[in-house]
Amino acid sequence: MKILLKAMTLALALGVTPVSAAELTVVTAGDQNMVDYINEYLGPLFEKQNPGNTVRVVGTGPGDAGSQKITERFEAQAKANAEKWDTDVAVVHEKFAGPMVEAGYLEAYRSKIDTGKLVSRANADMALGTNVSGYVMPMFNSQTALAYNPALVANPPKSYEELVAWAKEHPKQFGYNGIKGGASGVSFVMGWVYAFGGTDPNKLMNGPFDEAETKNWDNAFAGLKEFTRNATLTPGNAGTLDLLGRGEIAIGPVWVDMFYSWQADGRLPPELKLVVPAPGMPGQPMHYVIPAKGANKELAEKFVALATSPKVQAEGIVKRFNWYPGIDAKYVQPELDEASWNKLFTDISPDDLAKYGKTFPIAPYNKAILEAYERQAAN
Amino acid sequence: MSKRLLGLVLVLPALAVIALLFLFPLGISIVGAFESDRRYGLGNFEKAFALYSQDVIFTMAIVGFSTLVIGTFSVAIAGYLTLGENPRAVAILRWLYRWPMFIPFIVVGQVLRTFLAKNGLMNNILIGASILTPIQASGFLDWRGIVIAFVWKQTPFVTLLLAGAMASLDRGTIEAARNLGASRLRILIEIVMPQVATTLVVGLILSFVTMMSVLSVPLMINAQSPTMITADIAFRINAYGDYGVANALGLISLGVTACVAWIYLRQTMKERS
Amino acid sequence: MTALTGTVEARPRIGLDFWWLPRALILGLLAFAIFGPLANLALWAVAERWYFPHALPLEYGFSFWARVFSPRGNAMESLTNSIVVALLTVTVSLALAIPAGYALARLKLPLRRLILLVFMIPQAFPNLPVYVNVARLFYEIGLNGTIAGVVLVHVTHGLVFAVWIATASFSAVDIELEQAARCIGAGALQAFRDVTLPLAMPGLMASAIFVFLESLDEFTGSYFVGAPDVNMLPLLLYSAGAGGNYQIASITALLLLVPSIGFMLVVERFLKADVLSRVGR
């Protein structure tokens, strides 16, 4: 019976699927490893399952700048009224998904693919306060944490208060990149506001936006200015990891996946460890989006379905890249052996992640915090 | 055909390329600079000055200082290439000075980031050669790093132009001065430089313009505030999506550069007429 | 040069030329300043593992080269595209700049100053905010994803070097030589082709070098107008460099070095005895 059913579905699928050789264009923000992921793993897998089609990928660079370039690309084509856009799938940071949805660039495809049901986490529905439900599928979830050198930091600080005390005793040993040049510094500042801002973090993360709250932050930013004077400023995400690696600072905020891939590539000593301080530091997903005017929409949906299937999430996202999966963990865990699964949680346990893994504040608060930092803490 | 008309016709293709492919999109951007909160006005400029005036001054100071240093080094190197008396030393110098020119700015930024750091390659070599102790080692990852990056990359460019101009000078004047007993430094300053001053200024202005619009170097080397205008523009666009202030900052940058170039052009016009 | 050394040779030769001490010191310092950072580049290109406190890489290897040259990574295609675009950019820039430079140098143009300043604008206005509009324009006229489009973007940026240096080169050619040719009976075009152009050639070649190098560096415009059809190497370099992936960034930089130095060597042949004369008068 089962075999008959499978055969029927296969026949149906073959009959319905148009057999045409198409080229799928994927544009992805993020580091080089995002491009490598598609070139070395996902692309060949997809091409094997869909013979005759090829996948090509373009990387736009790390950080917000990379996602901004993708947004601008869409904007240019929208304004030029292009009939068929040149991108089929894009991978962008959470911050940019909201504006894209509001501008009407995207296709609501999540309900059309079966893996769409495998995500129940809130950040697949809301992106910094904008409803993006149905338009995005998370590729992976990332988290920031404080990386430290156990040789120099015997008792790693477990909360922001402990960090402030530690930094006072060890001047210039803490390093972060401010808010320009890298999001690890930004997430540190967000965590600082969660800790000392006087506003309930849940309100910051979920809204509603209340202009009056911004007045509560003056003390927090005065403290941050003082703290920064005692700290070392680093030139960006890579800069923090650089200085950590060279022993010029002992502790600093990093992206967990960037930390692990630097260790794997031999640019960071293997002794360094991670800790997430209370009340928490934010992380963010990166999302798969499909432009509404893309040239190969069905193929694009198949691609995203493959990328968010439990097997690929286990093998590709968790095992190869040490990212936290985009779909719910309970679907991914059975596909992995225990050792690989536990590697994700060497320094940060699942409980820690649940307690201290926060999201970024909603967009209006996000912007207000950044501007307040520029005005009060950076001058 | 009158000379003027012919002149215009010859210049037109080049101008047309710039006008259509850059000035037109730029115009749209500039209009955006004056647009804030759906009204037209100077709101973006006010914000730019409120938040970034320190950075504007910093940028002008850094780029100006770098230009001066580049000028000094280029004159020294080109001068030696022209007036140097040991053929082997001159040949070595000629081969040596050009290398930094081929390295893109992004690579310069990245390479210097690990070279100039407190525990970077430079300090490691100096410590290894016992010229420096670990305590004395300091990192250059601030405005000094930016200046070093600019000088490193742009000096060969200006030197190339300058050496060529010097090589074409009439050796007669130089030799006459030597025979009269003038030192080479004096010849350089009083005889050679006045004749190649125009080339030097062309090279320096082109360098100034290039340095004002480099983004990778300040992002990769300078962590502190103040930082350069380009880094602020990138931040404004990527973090806030705020094209208004970004374009306002761009106009400020353009204004500074245009002033410098205008001064040069006025100078040369005066000389010619 | 020989005349000069002749007058100075009168110095007594004691076997060891003491002047080599300060000379060697300064040349040595210069070499350290130039090759120190470049050594960093070379080391990262072959480093497998390198972190503090080791002054040199722990492990050497070529696995990152395999990554860069992986069959799907299209590094070779990007390199070829970059070289082709750079060569075309030089050709188009010179084709536009030679008449413009001659006009600005010789013929009395109104608003000469302003015209020279106009060429400077693409370099002087930081490009980031403008690219959205540039991309939109190119999408509208259908030049997106074509080599021609990318070449035009690069030409826009390189014209300032080409036109300014061409103007200076032509100004430096002695006008009496041209007039002499005209007197003997050469037409305007012939005088230009046979007298002025060869004399200005070294300066024009210098500007060719700069435009070539500038084109190889350019990536933001190439991304907006070229990708995903026309892939250029600097974009790979930028992603790797900004993300701190030193090995890949260094390897890509070395790859870019090859055409740069190659082009310089070729062009120097035209410069005759390695002399750049008459630029900037």
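## Contacts between chain A and chain B

In this predicted model, the side chains of B:Arg113 and A:Asp242 come together in a salt bridge, with 3.6 Å from N to O. This pair belongs to an interface across which the rule finds 5 salt bridges, and across which 11 residue pairs are in polar contact, both residues of each pair having pLDDT 80 or more. The elements of chain A that give two or more residues to the side touching chain B are helix H3 (63-79), helix H4 (94-103), helix H9 (237-245) and helix H16 (363-377). Sorted by class, that side of chain A consists of 8 nonpolar, 6 polar and 12 charged residues.

In terms of extent, 26 residues of chain A are in contact with 26 residues of chain B, and the area buried between the two chains is about 2100 Å², with 52% of it coming from carbon and sulfur atoms. On the chain A side, A:Lys180, A:Pro235 and A:Arg246 lose the most area to chain B, and together these residues make up 26% of what that side buries.

## Contacts between chain B and chain C

The contact of chain B with chain C takes 99 residues from chain B and 94 residues from chain C. About 8800 Å² is buried between these two chains, and 77% of that area lies on carbon and sulfur atoms. Within chain B, the residues that lose the most area to chain C are B:Leu21, B:Phe22 and B:Phe102, which together account for 8% of what that side buries.

Across this interface the rule finds 1 salt bridge, and a salt bridge joins the side chains of B:Lys153 and C:Asp217 at 3.8 Å, N to O. The rule also finds 6 residue pairs in polar contact between chain B and chain C, with both residues at pLDDT 80 or more. Helix H1 (residues 3-33) of chain B gives the most to the side of chain B that touches chain C, contributing 21 residues. By class, that side of chain B holds 65 nonpolar, 21 polar and 13 charged residues.

## A buried leucine in chain A

A:Leu224 lies in helix H8 (residues 218-229) of chain A. Is A:Leu224 buried or exposed? A:Leu224 counts as buried because its relative accessibility is 0%. When residues up to four places away in sequence are not counted, A:Leu224 touches A:Tyr176, A:Phe188, A:Val189, A:Trp192 and A:Tyr373. A:Leu45, by contrast, is 179 residues from A:Leu224 in sequence and 48 Å from it in space, taken from C-alpha to C-alpha.

## The fold of chain C and one of its buried residues

Chain C has 12 helices and 2 strands, and from the N terminus on its elements run α-α-β-β-α-α-α-α-α-α-α-α-α-α. Of the 281 residues in chain C, 59% are buried. Among contacts in chain C with a separation of 6 or more, 71% are between residues 24 or more positions apart.

C:Ser78 is part of helix H4 (residues 75-106) of chain C. This serine is classed as buried because its relative accessible area is 5%, which is under the 20% cut-off. Leaving aside neighbours within four places in sequence, C:Ser78 is in contact with C:Asn231, C:Met232 and C:Leu233.

## Confidence in the model

For the complex, the predictor gives an ipTM of 0.80 and a pTM of 0.83. Chain A has a mean pLDDT of 86, and 94% of its residues reach 70 or more. Among the elements of chain A, the lowest mean pLDDT is that of helix H1 (residues 2-16), at 49, and the highest is that of strand E3 (residues 89-93), at 94. Over residues 11-19 of chain A the pLDDT is below 50, and this stretch has 1 contact in the model beyond near neighbours in sequence.

In chain C the mean pLDDT is 79, and 88% of the residues reach 70 or more. Confidence in chain C is lowest in helix H1 (residues 2-8), where the mean is 44, and highest in H4(C), where the mean is 90. The pLDDT stays under 50 over residues 1-13 of chain C, for which the model has 11 contacts beyond four places in sequence. It also stays under 50 over residues 272-281 of chain C, a stretch for which the model has 39 contacts beyond four places in sequence.

Note on methods. Residues are numbered from 1 along each chain as its sequence is written. Chains are lettered from A and ligands numbered from 1 in the order in which they are written. Side-chain values use heavy atoms; hydrogens and water are left out. Contact means heavy atoms within 4.5 Å. Buried area is the accessible area (1.4 Å probe) that two parts lose on being put together, summed over both. A salt bridge is a side-chain nitrogen of Lys or Arg within 4 Å of a carboxyl oxygen of Asp or Glu. A polar contact is a pair of N or O atoms within 3.5 Å; within protein, one must be able to donate a hydrogen and the other to accept it, and residues adjacent in sequence count only if both atoms are side-chain atoms. Helices (H or I, at least four residues) and strands (E, at least two) are DSSP runs, numbered from the N terminus. Ala, Val, Leu, Ile, Met, Phe, Trp, Tyr, Cys and Pro count as nonpolar, Asp, Glu, Lys and Arg as charged, and the others, Gly among them, as polar. pLDDT is the predictor's confidence in each residue, from 0 to 100. Buried means under 20% relative accessible area, exposed over 50%, partly exposed in between (1.4 Å probe, protein chains only).
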